[in-house]
Amino acid sequence: MNPFSSGTRLRDMIRAIRSCKTAAEERAVVRKECAAIRAAISENDQDYRHRNLAKLMFIHMLGYPTHFGQMECLKLIASSGFPEKRIGYLALMLLLDERQEVLMLVTNSLKQDLNHSNQYIIGLALCALGNICSAEMARDLAPEVERLLQFRDPNIRKKAALCSIRIIKKVPDLAENFINPAASLLREKHHGVLITAVQLCTDLCKVSSEALEYFREKCTEGLVKTLKDMANSSYSPEYDVAGITDPFLHIRLLKLLRILGQGDPDASDCMNDILAQVATKIESNKNAGNAILYECVGTIMSIEDNGGLRVLAINILGRFLSNRDNNIRYVALNMLMKAMTVDAQAVQRHRATILECVKDSDASIRKKALDLVYLLVNESNVKPLTKELIGYLEASDQEFKGVLTDKICSLVEKFSPEKIWYIDQMLKVLSEAGSFVKDEVWHALIVVISNASDLHGYSVRALYRASQTTTEQESLVRVAVWCIGEYGDILVNNVGMLDIEEPITVTESDAVDAVEVAIKRHTSDLTTKAMALIALLKLSSRFPSCSARIKDIILQNKQSFVLELQQRSIEFNCILQKHQNVRAALVERMPVLDEATFSGRRAGSLPTSVSTSTGTAHNIPNGIAKPAAAPVADLLDLSSDDAPAPSSSGGDFLQDLLGVDLSTASAPPSASQPPKGGTDVLLDLLSIGTSPPAQSSSSASDILSSIQDNTASLANLNGLTSLSPLSANGNSPASPAPVMDLLDGFGPSPQKNEENGPAYPSLVAYESSSLRMSFNFSKQPGNPQTTLIQATFTNLSPNVYNDFLFQAAVPKFLQLHLDPASSNTLPANGSISQSMKVTNSQHGKKSLVMRIRIAYKMNGKEVLEEGQVNNFPRDL
Amino acid sequence: MANAFDSTLLFMQSLHHKGHSLYEIQVIRELSGLILTRGPKLCNFVDWRGLRVVYKRYASLYFCMCIDQDDNELEILEIIHHYVEVLDRYFGSVCELDLIYNFHKAYFILDELLLAGELQESSKKTVARLVAGQDSLVETAKEQASAISNIIAHATKKVMNPLAIAF
């Protein structure tokens, strides 16, 4: 009858599984065992229940499903014997987790076992509760655990203390019940109890400010004394680790002191002496000692300022940093990162050593060091540090290159002292690690180059040179191709030569060569090829001598398998052949790209009013005042000032409409006819086929103005997005009609969509004494993730608000696109509106949440209002 | 060959502590790939999916623990060592096979050492004593069971065919 005497024993099963040579064999063995266990379960076999469950645990660890054994756990736990309970609780912890409803059934058994006469059984129950308890169980069983904090056996007290941590983490409301018992545990001598009690107090302080106050007042001195006794205690073999008595307790005490001292000068003062003692006395030749020192430094850095101690701590970190042990260096970097907020100057002193760590052979250390260097950079040291980092880019391995490139780009953008330096550094990064450069980064570079009119020549020559030596870096090629297209004439004529440059001679056909290489390279992707195609079109007008050759290259793409390229090639060919009269105007150089708009886009929102917020003159080339209908305005702007619109912005659908990725945007507006410049892209589309350019441009602007009239901008967006697929298929040169259909479609679609939108109640999202913000919601049909929000701001005061700016931030699972407000001036008792689009990637799981900030000027005084909107309807 | 098996052991608790354990197997696979490729002299910490993992190697076994951002990495190494010392004392120079065949015992010991992801006892002696106490309780229960079955066997022997008893 001995349960371990017949059938396959646990040991035999493990042996059988281990002797399997293939995964299939293993599966077969496991399947057989599982079948036997299921049979035993259905027969309600009692003798072997705990052995079966032990087997199931092993099977579970191998990754096979074992849910059918869950009820067996409960049966074992409910049985009376200790061996059964022991296996039962272990299986409960392994096979189940707190999300399973079965767990609710175990509450009762747990309650009984917590009141059991056998202390080992109480221990088992506490252990299980501490590892898997859910919020409901925490509420039900908290009184039992609280009582056990005073149990006679210290081993139960310590388990109860840790169990309490889980309970208060699950249900922070229960914290106050545990404050007093926890404080009394702090007076114990038993190390296990003391460790757990200190831990419990630490966690209580984290969830309850009341507890923090209480412990700070009542226990700080006691804890300091305990730590002092610990530090001065003589050798005790039971707790000794590498010559130090109980480092675990040391560390926990230091951690609790840190929380108590933070933000409280008196408490901090009280612990100064002992911290100094620990920091100087503990030996640092063993890991245990270093662990204590590390914790001690953390505490010194967090508590209220004491100059002397800080110096001591930074010195310890300096010693750590030069340690040969990688672990020590890692934690030193980690702590220096935290110290940055406290004493950046002291950390700067270790800059050279930290920079060395970026080149370490250990990936963990490299990453930490890079994070730290990133924090260290400021205006004064950006040049040497960037030089170091870029120099290191060559040597670093592929995996690290991505991270490093990101950081360098971000640093260069953030701190660049002058444009030429920025362009130089970006060029170096592009040539070294172009494939790791994110799209928005090289977009930004183009914007900067476009804005620096005195550097056009320098940039295009440098890029040309770089693209001659490096051809495998995609984004370098893209930027080079764009610049050659735009500034080809400058390149050839060596205009705007700077003193530092070496003169180069580039002929017209050299420049065309460079673009041709890019378009013919088999590794080039669609974006690069499309950009090259446009560059060629531009060059055809800049270099009349190469015109025929360019036409040939463009024609070669007529056979491209990629629809976009094929289509563009035919269109451009058409322009070259039939529309010589408009070509020059079409391929004019792009007007300066607007930096503010671009950076606003990058941040995920458009500044409400570009011209006022930056002070730079911002001309709207197509003469259309920026309406609330921003998505449409996007369309109009795109060709003029938004060429490199990042793909995350509202420009997406335009790319659909226009066909070629982002790069299409570089289709030029005509400077000679500024009022119609913005329509050129459409003109491009329309010029294919029969309509003469003049007529089509007017018809396009008719349509556009009709859109603009319609202030229901969001509905327009619907119209556009739903229609855009049409454009991809429809506007092939053979059938111009669908193109017109597409445009005709703008008219009726808005109303329709407005009617279709599901109804959500509008809400007052924010209200203060001076301002009210209300939201109206609508959805696009067929796209439940995206919510269109129409925000209305109402001025509740008798004053006029100027420079009104609304900003919003959302958590990562949301994507926010903010359109410009209808006006940046909010008249007294008047209102303005602004629309935004929120895409919820966790639609149905999480509801929307938004943090908002509203800035405006009232009577010349700046006012800032902030708030959080939590009351969105749940199903948005 | 390095074996990620034992990382399972320590993983369970730390993951329970963090409240997500559904992807255990996937987690272990991904992590062991990450950790096993690291050379011997490198530091024992890796950042992984926003978590920090501390690992320590003993012969072919890796012990891993997933920790919070404000946990003390060096101390975690001590805790792992603490656990290994207790295992060593319990099994008498522990080896991988001991842990595989007695995985439940390794868990029982771990449950005396850690609870809710926190250390509960810094004395190896106390842990050993508590585990031994529970083991002896199991032994007693087993003996009782076999004693009873012996009595039953004696009682039935007189009246029944010996073959039936063997069955």
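How many residues does helix 9 of chain A have, and how far does the helix reach from its first C-alpha to its last? The views below come from a predicted model, in which local features need pLDDT of at least 70, side-chain atom pairs count only at pLDDT 80 or more, and totals for chains, interfaces and linings use all residues. Residues are numbered from 1 along each chain as its sequence is written.

**View 1. Helix 9 of chain A and its N-terminal cap.** Helix 9 (residues 154-170) has 17 residues and reaches 25 Å, close to the expected 24 Å. The expected span is 1.5 Å times one less than the number of residues. Helices are DSSP runs of H or I, at least four residues. Of the 17 residues, 14 are buried (under 20% relative accessible area, 1.4 Å probe, protein chains only). Asp153(A) caps the N-terminal end: a side-chain oxygen lies 2.6 Å from the backbone nitrogen of Asn155(A).

**View 2. An open antiparallel sheet in chain A.** Five strands run in the order 3-4-5-8-7 (strands are DSSP runs of E, at least two residues; two strands pair if DSSP finds at least two bridges). Strands 3 (763-767) and 7 (814-818) each have a single partner strand, so one side of each lacks a neighbour in the sheet. The twist averages 30° from one strand to the next. Strands 5 (783-795) and 8 (831-840) pair over 9 bridges. Leu788(A) has Lys837(A) as its bridge partner in strand 8.

**View 3. Around Phe215(A).** Leaving aside neighbours within four places in sequence, Phe215(A) is in contact with residues including Ile179(A), Cys201(A) and Leu260(A) (contact: heavy atoms within 4.5 Å).

Technical notes:
Chains are lettered from A and ligands numbered from 1 in the order in which they are written. Side-chain values use heavy atoms; hydrogens and water are left out. Buried means under 20% relative accessible area, exposed over 50%, partly exposed in between (1.4 Å probe, protein chains only). A polar contact is a pair of N or O atoms within 3.5 Å; within protein, one must be able to donate a hydrogen and the other to accept it, and residues adjacent in sequence count only if both atoms are side-chain atoms. Axes are lines fitted to C-alpha atoms, for helices over the stretch in contact, and angles run from 0 to 180 degrees between N-to-C directions.
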